[in-house]
Amino acid sequence: MELDKLLRNNIKALKPYSSARDEFSGEADVYLDANENPFNKPYNRYPDPLQWAVKEKIAAIKNVAPEKIFLGNGSDEPIDIIFRAFCEPGVDNMVSIDPTYGMYQVAADINNVEVRKVKLNEDFGFSAQKLLDATNLYTKVIFVCSPNNPTANLLDKAEIIKLITDFDGLVVVDEAYIDFSPESSLLPDLDQYKNLIVLHTFSKAWGMAGIRLGMAFAQPEIIRIFNKVKYPYNINILTQKKALKLMDKIQEKEEWVNAILEERGKMVKKLFKLPFVQVVYPSDANFILVKMNDARGIYAYLTEQKIIVRDRSKVTLCDDCLRITIGSPKENKKLRKVLKKLV
């Protein structure tokens with residue numbers, strides 16, 4: 001992969017905005033450089049634009065150098081930046097599996113980038129060769145999500161590696177749900193593959209969806225491009241402080257994950273007993289995909305009972321399916337109780 005050939009010409013020539021905090025690092029006694037209000041400390045100051053304190057803590061947890069980490073406003077920000085930096089609108093395209101996380105399509109559409117979808121197998125597996133066959137000279141990036149959303153399954157790691165090694169462009173592997181799976185992350189393999197971008201998030205296992213903090217891991221030259229394109233202070237000071245605080249609770253996070261996995265097992269067993277449930281697909285995530293009779297009717301009924309799940313019945317390969325997040329024991333019990341009333 002030649003990164004320079006993948007970049008849009010305007011991004012190659014782009015002179016990024018240089019903020020006051022970019023030009024000075026460390027601590028000073030007096031800050032008179034950024035037109036800030038001198039009162040209401042510490043929130044009167046602009047945050048670190050590169051979030052080094054947060055990255056160093058993530059680096060220790062993930063065993064990845066801080067220079068290989070990009071932090072975004074959710075994972076959606078790095079997804080969008082990939083299109084803005086590498087895909088020429090109206091010219092280039094991307095390839096993705098289908099079904100998968102909908103934001104890849106949305107970000108591509110916003111950036112006027114063609115999406116080439118490759119349908120998963122009936123068992124929700126995929127063939128790397130089929131994705132490669134869908135590419136052409138204008139394909140800049142391939143997206144795969146593992147464990148996948150909404151199908152909840154891990155994708156074959158050997159097929160992912162084939163995709164990375166045989167494609168000359170960027171391969172993005174979204175591992176938002178990896179903490180709930182038996183498979184390890186691709187992060188330890190990051191240095192072997194210069195075209196690999198791995199996405200993680202604080203929204204799932206860490207229970208921090210509300211602070212909107214996503215992570216992209218890649219080689220430093222890719223991260224530098226992300227930093228060049230992003231807005232100057234994309235991660236606010238409140239988010240940075242909260243993330244630093246909550247990362248001290250690794251043991252609690254692991255307890256949450258174990259509790260969710262235990263509840264997932266209970267939910268699967270209970271749902272199988274309901275006569276209108278046809279299939280509960282195997283899950284490597286914190287949610288399950290359930291095929292049932294009259295899924296849309298059941299979705300409407302649950303909504304009336306003030307229980308919100310996700311109707312995926314119009315999604316490719318997900319006919320008559322609801323996606324159900326694993327909640328607290330109390331929430332899961334209430335869902336099952338309400339569903340039993342349909343029997």
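How many residues does the hairpin that joins β8 to β9 pass through?

1. The hairpin passes through six residues. Strands β8 (277-280) and β9 (287-292) run antiparallel, joined by three bridges. V277 stands opposite M292 in β9. Strands are DSSP runs of E of at least two residues, and helices are runs of H or I of at least four, numbered from the N terminus.

2. This is a predicted model: local features need pLDDT of at least 70, side-chain atom pairs count only at pLDDT 80 or more, and totals for chains, interfaces and linings use all residues. Residues are numbered from 1 along each chain as its sequence is written, and side-chain values use heavy atoms, with hydrogens and water left out.

3. Seven strands form an open, mixed sheet, ordered β1-β7-β6-β5-β4-β2-β3. Pairing requires at least two DSSP bridges between two strands. β1 (69-72) and β3 (114-119) stand at the edges with a single partner strand each, so one side of each has no neighbour in the sheet.

4. Within this sheet, β6 (196-201) and β7 (214-217) pair antiparallel over four bridges. H200 stands opposite M215 in β7.

5. The whole structure holds eight aromatic pairs (Phe, Tyr or Trp rings, the six-membered one for Trp, with centres within 6.5 Å; planes under 30 degrees apart are stacked, over 60 edge-to-face, the rest tilted). Y46 and Y233 are stacked, because their ring centres lie 4.6 Å apart and their planes meet at 15 degrees. The two residues are 187 residues apart in the chain.

6. F83 and F143 also stack, at 5.6 Å centre to centre and 20 degrees between planes. F83 is in α5 (76-86) and F143 in β4 (139-145), so the pair ties together parts 60 residues apart in sequence.
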